[in-house]
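Please read it alongside the sequence and the structure shown here.

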Amino acid sequence: MSETTTREETKREKSAKRGLHGWKAALAVFGCGTLAAFGVFGVIVGLLSTLVSTVSEGISPSARGENPPAEGIGSSRSDLAEGQMDVCSDNLDPLTTINVSRLDSGEGYIDTTDPEEIGVDGVLRLVKDDCRWDIVPAGRSTPWNFLFSYEAIIDVEAGESRDDLASDRFEALKSEVGSDFENVESEMSSPFGESSYSFYGQGGGGESSYAALVQVRSAVYSIRFEDDPSRSMGDVSQNEFAGEARKITNFLRNGFEYWIPE
């Protein structure tokens with residue numbers, strides 16, 4: 001073998017050792033990049049899985065800020081301590097599905113056994129309140145007036161039924177709910193409770209108004225929405241009012257079922 005041939009072979013060997021070329025190089029780069037990408041992706045998925053597991057399993061209901069009524073559904077209460085059920089402060093305030101700001105002082109709350117304060121024959125203990133709010137409904141930038149009041153019969157005389165007395169109160173109050181409408185365009189039974197009746201029309205100042213009276217067990221409550229013409233962009237439809245009413249009544253159904261003792 002000549003010296004020239006030996007030098008050429010040596011050059012080819014050194015060139016081969018320096019790296020891969022052409023399609024071999026492309027495959028090598030693609031393979032390394034793909035493996036690296038899958039490696040990073042695997043690490044990310046692993047971290048996310050750990051995080052999701054921690055969030056879903058490691059946080060207690062109290063840390064999530066769940067409302068007390070949702071935790072107690074299905075377990076009956078044997079009694080109710082005085083002042084324990086305050087629907088305006090404890091149930092509507094933390095309700096996250098609606099945007100509300102309370103306007104009243106909170107001084108209307110009553111939990112009483114005084115017959116003069118109760119004012120309903122056969123009832124020995126009554127919890128009641130009236131509160132007022134600004135509510136910003138979904139899809140609108142201007143608020144409505146939101147008025148809410150309730151009566152919950154907690155204890156009755158021997159031989160009386162709390163639910164029956166509440167039904168009597170529902171019938172007595174139904175005629176009052178729409179009495180201050182300037183014009184009632186619609187009134188009907190509504191699907192908000194064991195008994196429910198709603199009104200839609202114009203209030204005394206011509207504003208769009210909606211009111212619903214609802215019975216849940218031995219509680220009777222009313223909600224009323226009033227549009228503010230000075231801030232409104234036009235009349236509010238019955239369906240818009242009913243949509244917000246549905247959110248509130250669904251939550252309050254659970255609340256009253258939880259708080260009222262068996």
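## Chain and model

Of the 262 residues of the chain, 38% count as buried, where buried means under 20% relative accessible area, exposed over 50% and partly exposed in between, with a 1.4 Å probe and protein chains only. The model is a predicted one, in which local features need pLDDT of at least 70 and side-chain atom pairs count only at pLDDT 80 or more, while totals for chains, interfaces and linings use all residues. Residues are numbered from 1 along each chain as its sequence is written, and side-chain values use heavy atoms, with hydrogens and water left out.

The secondary structure comes to 8 helices and 8 strands, taken as DSSP runs (H or I of at least four residues for helices, E of at least two for strands) numbered from the N terminus. Among contacts (heavy atoms within 4.5 Å) between residues at least 6 apart in sequence, 59% join residues at least 24 apart. The accessible surface of the chain, by the Shrake-Rupley method with a 1.4 Å probe, is about 14900 Å², and 52% of this area belongs to carbon and sulfur atoms.

## The largest pocket

A pocket is here an open set of points on a 1 Å grid over the protein atoms alone, with protein on both sides within 12 Å along at least five of seven lines, and its lining residues have an atom within 4 Å of a point. The largest pocket has a volume of about 390 Å³, a volume being the space filled by probe spheres set on the grid points, which are joined across faces, edges and corners.

Its lining is made of 19 residues, with Asp 130, Ser 149, Tyr 150, Leu 173 and Ser 222 nearest the centre. At least two lining residues come from each of β3 (123-136), β4 (144-156), α7 (162-177), β7 (208-216) and β8 (219-227).

## The disulfide

The structure holds 1 disulfide, defined as a pair of cysteine sulfur atoms within 2.5 Å; this bond joins Cys 88 to Cys 131, with an S to S distance of 2.0 Å. Because Cys 88 lies in helix α5 (residues 87-92) and Cys 131 in strand β3, the pair ties together parts that are 43 residues apart in sequence.

The torsion about the S-S bond of Cys 88 and Cys 131 is about -70°, so the disulfide is left-handed. Cys 88 is buried at 0% relative accessibility, and Cys 131 is likewise buried, at 5%.

## A positive phi

Arg 217, in the loop between β7 and β8, has a phi near 50°, a positive value in a residue other than glycine. With 13% relative accessibility, Arg 217 counts as buried.

Definitions and conventions:
On a 1 Å grid over the protein atoms alone, a cavity is a set of points where a 1.4 Å probe fits but cannot get out, and a pocket is an open set with protein on both sides within 12 Å along at least five of seven lines; lining residues have an atom within 4 Å of a point.
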